[in-house]
Amino acid sequence: MDFRLTDEQALIQETAIRFGKKWGPRMEEIKKRTIAEGAFPDEWWRDFAAAGFTGALLPEEYGGSNMGMAAMAIAMEAMAGQGCGSALVMLTMMDALCILRAGPDEARRRYLPAIAKGEMKMAFAITEPDAGSNSFKMRTTAVRRGNEIVLNGTKTFITGVDVADRVLVIARSMTSAEREEKGLPKIAGFNVVIVDPKAKGFTMTELNTEGIEGLKQWTLHFDDVIVEQLIGEEHQGIVPMFDVLNAERTLATASAIGMTDRLLDRACSYARERKVFGDRAIGSYQAIQHPLAEIKSELEAVRLLFYKAAVLFDQNAPPQEIGPIATMAKYLAGELAIRAADQALQTHGGNGFDRDYGLIQSFVDTRLLRTAPISREMILNQVAEHVLRLPRSY
Ligand SMILES: Cc1cc2nc3c(=O)[nH]c(=O)nc-3n(C[C@H](O)[C@H](O)[C@H](O)COP(=O)(O)OP(=O)(O)OC[C@H]3O[C@@H](n4cnc5c(N)ncnc54)[C@H](O)[C@@H]3O)c2cc1C
């Protein structure tokens, strides 16, 4: 085991920090523009691509730099640490990884070079009004009709569809009743497909959610939408589905760790300066120091688990092996980020509530991690059932 970053990883981290320092101070303006114009600023995405990040997970034959998941995760963590995280990066990267791993070749050639060049951004849709924590209850179908696969149904809470060029959708390749009739197991009968939001029959309604990093959420309605591309084998969508979910969890962990780093940094900077009693800064009081020192200690431990998940990806471990590590890392990182936001706010006293300090928004951004992309309860259920082999209660 080697706990130091390689020279290449250190270089990537430095590049990401430079990128973050350049764009971090403008992120508030970028979020406002994304919301107002319904388009993610091109200059940000082009710069991000020019730094080699959009192709980080992709091999050279598709225009990528093949840096791998560990390097990408380190970069995302470093960018979030500079206040420059973007859920659109996470969504595009996890979809790219899914296309790369599941194929077919035709799909790799069709999408990956465009993603690597920074010409394609992607959203991801699995949640339905009655199927969030329980994805197996989903009803949206992507069913073959002759040479085409046709999508029908509804997805909800889907982030960034207004600014994305394509959406990767998880749907049923047959209804639950048909699957049961055929005696197939619960994990059978899924298709992972790519659709163009401009396709005929694709409509969407904006949700009144708090949003993520300037990105809105949408309910998508599919009415006989012709699918552009099937990913992986027909009816065998479960493997690419777990691939994409594991990548999502790992990249969400990167954001959580970066946010925690930033919140700690903000809290410590303030605590070093703010004087309340006499000439001593509040950072000298142990009631202020200790919670921050605790968060820092836990952050270093969580980071190790997070790197383990990322390295397992790079070693091409099967989804079942990556899954528990990726979800446990996401659970710990999410809970820690929430505590870091709370403690940063507490350290700032009343100023923490002043919107200009940006801490109140961090409270919302970090809190989302307890609910999405997978809730705290569902992670603990999975760990209990699949790692500890305890009986399922639901
Ligand atoms: C801002 C935002 C952005 C999102 N972006 C996307 C996106 O881009 N794409 C996408 O597909 N989805 C997205 N989602 C959806 C998100 O993944 C779901 O909201 C999340 O998985 C929870 O599902 P649900 O909302 O249906 O909650 P429910 O499934 O209704 O759960 C409600 C509560 O009950 C708990 N619960 C449910 N079952 C159990 C159980 N067996 N044991 C214990 N507790 C249980 C849950 O943990 C939760 O606390 C987003 C959501 C939000 C809020």
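**Helix packing, domains and ligand shell in a predicted model**

Biologist: In which hand does α10 pass α12?

Modeller: Helices here are DSSP runs of H or I with at least four residues, numbered from the N terminus, and a crossing is left-handed if the near helix is turned anticlockwise from the far one by less than a right angle, right-handed if clockwise. By that convention, the crossing of α10 past α12 is left-handed.

Biologist: What numbering and confidence limits apply?

Modeller: Residues are numbered from 1 along each chain as its sequence is written. This is a predicted model, in which local features need pLDDT of at least 70 and side-chain atom pairs count only at pLDDT 80 or more, while totals for chains, interfaces and linings use all residues.

Biologist: Which elements give two or more residues to the shell around the ligand?

Modeller: Counting a residue as near when its C-beta atom, placed from the backbone, lies within 6 Å, 22 residues surround the ligand, with Gly 132 and Glu 377 among the closest. Domain 2 and domain 3 each supply at least three residues of this shell. Where strands are DSSP runs of E with at least two residues, the elements asked for are β1 (122-125), β3 (148-159) and α12 (376-387).

Key:
Domain bounds come from an automatic or database domain assignment.
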